[in-house]
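Have the viewer open as you read.

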Amino acid sequence: MRFRHADALRSDYPELTAGVLHATGIHPAVDTGPAVAAYTSRATARLAGSAEGALPEVLAWRRTFTRMGLRPTQYRCASESLLRRLRKDGELPRIHPVVDLCNAISVAYAVPVAVLDADRITGPLLEVRYAHGDERYTTFGGDTERPAPGEVTFVDSAGHAHARRWTNRQSGYSAVGRRTSRILVVAEAMHDGGAQVMPELLRTVARELAAHWSVEPTTALLTASAPEFDFDEQVLRPDDQVSAPTDGRALPSYSGPGRA
């Protein structure tokens, strides 16, 4: 299985810095509470000095959304949505230990961090690219949407759209749940300094996964010269056997309008 950003997308957004991680052996029977508290405390301290909309990491994604023709205060990147919820509620929702952990790391770095159930991705390719208009996005209510042509989305080889509006909202189709054992984590930054922050962010996620689940994650920094990440193939699931998750799968780390 390969993950990549399309050449056209990298050409249009040369400032993109991305990190990817794959891990096997994830389960819900761990306590990530102390780590979540530590990372959210970092974010809370930062919010005390500046609202989330003024953070350079968030401002860069707001500019990106504007370039995509979206109103950035209507459609927020994942990290902004989470930071906004943290500022309003004083805490983040508890969903699944690995999602909670990655959400907390996301707000600590103010960078979108997506966590997908890798066994819900149909290979051999998952690509972040402009939609053609025939992709299928599954909502958490089980409805099917069609991303508009030109919208940036994560598309697998079966035409499943695993996100809407790039870093705005993940799909219920590949959301992490109690039966998840393999995950793909994708972090994407647009701000100046993102290339320096991303290696640290990846190391942080890998270290916390190893500490809590005793797994050995594989990671990669993706660049224009090294744009692809290869990770283990899964048993493909026929489309007629898989629809919206019905096994208690959790909300994803990417949140959308109304969730922040």
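Buried means under 20% relative accessible area, exposed means over 50%, and partly exposed is in between (1.4 Å probe, protein chains only). Helices here are DSSP runs of H or I with at least four residues, numbered from the N terminus. With that in hand, helix 5 is mostly covered: 13 of its 13 residues are buried.

Some housekeeping: this is a predicted model, where local features need pLDDT of at least 70, side-chain atom pairs count only at pLDDT 80 or more, and totals for chains, interfaces and linings use all residues. Residues are numbered from 1 along each chain as its sequence is written, and side-chain values use heavy atoms, leaving out hydrogens and water.

Now for the neighbours. The axes of helix 4 (residues 78-89) and helix 5 (residues 97-109) come within 9 Å and cross at roughly 90 degrees; axes are lines fitted to C-alpha atoms over the stretch in contact, with angles from 0 to 180 degrees between N-to-C directions. That makes helix 4 roughly perpendicular to helix 5 (the label covers 65 to 115 degrees). Helix 4 brings S79, L82, L83 and L86 to the contact, and helix 5 brings N103, S106 and V107, where contact means heavy atoms within 4.5 Å.

Just past helix 5, A110 has a positive phi of about 60 degrees.

As for the cysteines, here are two of them:

| Residue | Relative accessible area |
|---|---|
| C77 | 3% |
| C102 | 0% |

Both C77 and C102 count as buried. Searching the whole structure turns up 0 disulfides, a disulfide being a pair of cysteine sulfur atoms within 2.5 Å.

Technical notes
Helix = DSSP H or I, 4+ residues; strand = E, 2+ residues; numbered from the N terminus. Parallel < 35°, antiparallel > 145°, perpendicular 65-115°, else oblique.
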